[in-house]
Amino acid sequence: MMMPRENRAAGYNLAEIMAALVIMAMLVGLAVPTYFRSMEQSRANEARVNLRIIYLGQQAYFTKNGTYWPPVAGIFTADDVNEGLVIEITARHYTVFEMSENGPGGYSATCRRNTVDGGAGTKWYRNQYVAGTLTADEGGSF
């Protein structure tokens with residue numbers, strides 16, 4: 001009497017392996033864009049925090065000098081802004097600061113994204129302070 005053959009090689013066939021790879025590729029395809037979008041959102045917090053620090057520095061500067069900084073509109077580095085307003089902002093992902101005084105009662109400050117860590121450089125955040133009202137807006141894309 002013959003014994004049934006049960007010691008057949010155990011394992012996965014090619015179709016099963018390919019199906020698993022396709023499923024993993026689809027999951028990665030969904031996760032990667034979400035990951036990069038969340039990373040850019042966290043980097044955007046740098047710009048928001050810097051604008052808030054600039055706002056506080058501008059209020060102190062106005063109290064002391066009766067006008068907002070800078071005396072001439074332009075594009076400034078973080079070091080320029082730190083020195084002019086006697087504040088401490090850090091700039092890694094948003095390093096271009098466009099600053100201008102909006103008449104005697106206000107100012108405008110814009111932070112632009114640079115190309116560090118794959119940034120497109122088109123995203124920007126702006127605070128405008130005019131006649132006691134602070135407005136914030138943003139534009140561009142990640």
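Helices (H or I, at least four residues) and strands (E, at least two) are DSSP runs, numbered from the N terminus. In this predicted model, helix α1 is followed by Gly 66, whose phi is positive, near 75°. Residues are numbered from 1 along each chain as its sequence is written, and side-chain values use heavy atoms, with hydrogens and water left out. Because the model is predicted, local features need pLDDT of at least 70 and side-chain atom pairs count only at pLDDT 80 or more, while totals for chains, interfaces and linings use all residues.

**Helix α1**

- α1 covers residues 14-65.
- The helix has 52 residues and spans 76 Å from its first C-alpha to its last, close to the 76 Å expected at 1.5 Å a residue; the expected span is 1.5 Å times one less than the number of residues.
- At its start, a side-chain oxygen of Asn 13 comes to within 3.2 Å of the backbone nitrogen of Ala 15.
- Buried residues (under 20% relative accessible area; exposed is over 50%, partly exposed in between, with a 1.4 Å probe and protein chains only) of α1 include Glu 40, Arg 43, Ala 44, Ala 47, Leu 51 and Ile 54.
- The buried residues of α1 pack against α2, β2, β3, β4 and β5 (133-139).

**Nonpolar core**

- A nonpolar core is a set of buried Ala, Val, Leu, Ile, Met, Phe, Trp, Tyr and Cys residues joined through side-chain atoms within 4.5 Å.
- The largest such core has 21 residues, of which Ile 54, Val 81, Leu 85, Ile 89, Phe 97, Met 99 and Tyr 107 touch the most other members.
- Two or more residues each come from α1, α2, β2 (94-101), β3 (106-113) and β4 (124-130).
- The most come from α1, which gives five residues.

- Contact means heavy atoms within 4.5 Å.
- Ile 53, in α1, is partly exposed at 25% relative accessibility.
- Beyond residues up to four places away in sequence, Ile 53 touches Ile 87, Glu 88 and Ile 89.
- The C-alpha atoms of Ile 53 and Thr 135 are 15 Å apart, with 82 residues separating them along the chain.
- Asn 82 belongs to helix α2 (residues 78-85) and is buried at 10% relative accessible area.
- With neighbours within four places in sequence set aside, Asn 82 contacts Ile 87, Glu 88 and Ile 89.
- On the same exclusion of residues up to four places away, Ile 89 touches Asn 50, Ile 53, Ile 54, Ala 78, Val 81, Asn 82 and Phe 97.

**Salt bridges**

- A salt bridge is a side-chain nitrogen of Lys or Arg within 4 Å of a carboxyl oxygen of Asp or Glu, and the count by this rule is seven.
- Glu 40 and Arg 113 form one of them, at 2.8 Å from N to O.
- Glu 40 is in helix α1 and Arg 113 in strand β3, so this pair ties together parts that are 73 residues apart in sequence.
- Both Glu 40 and Arg 113 are buried.
- Asp 117 and Arg 43 form another, with the closest N and O atoms 3.9 Å apart.
- Since Asp 117 lies in the loop between β3 and β4 and Arg 43 in helix α1, the pair ties together parts that are 74 residues apart in sequence.
- Asp 117 is partly exposed at 40% relative accessibility, whereas Arg 43 is buried at 16%.
- Arg 126 and Asp 137 also meet in a salt bridge, at 3.6 Å from N to O.
- Arg 126 is in strand β4 and Asp 137 in strand β5, so the pair ties together parts that are 11 residues apart in sequence.
- Salt bridges that share partners join Glu 40, Arg 43, Arg 92, Arg 113 and Asp 117 into one network.

- Two strands pair if DSSP finds at least two bridges between them.
- β3 and β4 pair antiparallel over seven bridges, and Thr 110 has Arg 126 of β4 as its bridge partner.
- β4 and β5 also run antiparallel, joined by seven bridges, with Thr 133 of β5 as the bridge partner of Val 130.
- The β4 and β5 hairpin has two residues between its strands, and Ala 131 in the turn has a positive phi of about 50°.
- Five of the seven residues of β4 are buried, so this strand is largely enclosed by the rest of the structure.

Conventions
A polar contact is a pair of N or O atoms within 3.5 Å; within protein, one must be able to donate a hydrogen and the other to accept it, and residues adjacent in sequence count only if both atoms are side-chain atoms.
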